[in-house]
Each structure stands twice: as structure tokens, then as C-alpha cells.
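Try each task before you read its solution.

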Amino acid sequence: MNEEIIEAAKVYIQKIFNNNSDGHDENHSLRVYRNAIQITKAYPECNVTLVALSSLLHDVDDHKLFATKDNMNARQFLKSHSVKDEDIELICQIINGVSFSKNKGKQPESIEGKIVQDADRIDAIGAVGIARTFAYGGKAGRPLESSLQHFKDKLLLLKDKMNTQEAKRIAESRHSYMEEFLSEFQKETEM
């Protein structure tokens with residue numbers, strides 16, 4: 001793995017996500033990166049550098065945050081660090097396969113794409129997923145009930161949509177924690 005460019009990507013996401021507090025921020029990208037690196041250990045055939053860069057840069061062109069086209073921010077960063085054109089295309093292909101809403105039912109073809117998609121989905125569930133849901137809901141002005149609907153519409157579905165066995169293993173406990181949370185929330189809000 002090219003540690004120099006990985007460190008540069010970490011600095012880049014710190015700058016680009018400065019003052020973002022809706023759950024799509026530097027810390028989210030770093031957690032996705034750590035999740036992805038953890039998953040790669042079970043898949044020695046994957047290109048770890050592609051996974052690392054894709055996971056760190058996966059939200060730098062997110063339509064909820066940036067009005068960019070064709071992965072402009074990711075491409076500019078990668079070109080400025082002399083990444084080969086073919087690797088830039090692979091990284092952009094992986095990034096474009098991450099989004100749940102844009103890729104409903106689609107599974108990435110490459111093991112690297114599967115790992116990064118799983119890593120992002122893992123960060124959407126469990127305790128962190130709960131916190132991110134309400135952080136985004138608050139920023140978007142959603143009432144609690146709308147944020148709770150997000151669990152039914154997306155988060156509770158993710159465990160069964162993991163691509164890799166390692167991600168499925170990690171997702172089990174996080175999914176159970178969300179179910180416990182929702183059960184407790186329902187008890188506390190019953191009238």
C-alpha cells in the first residue's frame with residue numbers, strides 16, 4: 001500500500017469536509033477506510049491501495065454535499081498525486097458503486113468495489129449508524145419519526161445486502177444493536 005498517498009488523502013478529506021456535521025464527514029470517511037482495511041485482511045487477492053483510496057475519497061463528490069460532476073474532486077486529487085489514469089478510472093468506478101440509493105440491488109463486480117461498498121454500509125448501521133441518522137435528520141430538519149422511518153427504508157436492510165462474508169460477520173452485531181435501540185425507543189414513546 002502506498003502510505004504517502006494514503007496520508008495525503010487523509011489530509012485532503014480533512015480539508016474538504018471542514019465544518020460538516022451531518023454524518024458525511026472526515027470521521028465517517030476514516031471509519032469507512034478502517035472498515036475497508038479490516039475487510040481486506042480476509043481477501044488477500046484485492047488491491048489494498050485501490051480500496052484505501054476509494055474508501056477515503058468515496059464521499060468527496062457526494063451530491064448531498066458537492067455540486068460536482070464526474071467525480072471531479074476525487075479525480076483532481078488523484079491526478080495531483082500522479083495516480084495512473086487506469087487506476088483513477090477504477091477508483092471512480094468503485095466510488096460510483098458505493099451509494100445505496102443510486103445502486104439499489106446492484107453489486108459491484110470487483111472485490112475492491114464490494115469491500116468499499118460493504119465498508120460504507122457497515123458505518124451506516126449499529127451505534128454509529130444510529131448517531132449518523134439523527135445527525136443528518138437534525139441538519140435536514142427532519143422530525144424524529146422521519147429519521148426512524150429511515151431505519152425501515154434502508155438501515156435494517158443493509159445486513160442482508162453485504163457482499164463479503166467478513167462484512168456479513170461484522171454487520172450481525174451492529175444490526176442486533178439497532179433492533180434493540182428501536183425496541184427501546186418504541187417502549188419509551190408508547191402512549
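**Exercise 1. Work out whether Cys 92 is buried or exposed, and how many disulfides the structure holds.**

Step 1. Look up the cut-offs: buried means under 20% relative accessible area, exposed over 50%, and partly exposed in between, with a 1.4 Å probe and protein chains only.
Step 2. Cys 92 has a relative accessible area of 2%, so Cys 92 is buried. Cys 46, at 8%, is buried as well.
Step 3. A disulfide is a pair of cysteine sulfur atoms within 2.5 Å. The sulfur of Cys 46 is 18 Å from the closest cysteine sulfur, in Cys 92, which is too far for a bond.
Step 4. The structure holds zero disulfides.

A note before you go on: this is a predicted model, in which local features need pLDDT of at least 70 and side-chain atom pairs count only at pLDDT 80 or more, while totals for chains, interfaces and linings use all residues. Residues are numbered from 1 along each chain as its sequence is written, and side-chain values use heavy atoms, leaving out hydrogens and water.

**Exercise 2. Check the span of helix α7 and find where its buried residues lie.**

Step 1. Helices are DSSP runs (H or I, at least four residues), numbered from the N terminus.
Step 2. The expected span is 1.5 Å times one less than the number of residues. For the 15 residues of α7 (residues 126-140) that gives 21 Å, and the end C-alpha atoms are 21 Å apart, which agrees.
Step 3. Now list the buried residues of α7: Gly 126, Gly 129, Ile 130, Arg 132, Thr 133 and Gly 137.
Step 4. Seen down the helix axis, these fall within an arc of 165°, so they line one face of α7. The arc is that of the directions from the axis to the C-beta atoms.
Step 5. The face turned away from the buried side carries the exposed Gly 138 and Lys 139.
Step 6. On the buried side, the residues pack against α2, α8 and α9, where contact means heavy atoms within 4.5 Å.

Notes:
Helices (H or I, at least four residues) and strands (E, at least two) are DSSP runs, numbered from the N terminus.
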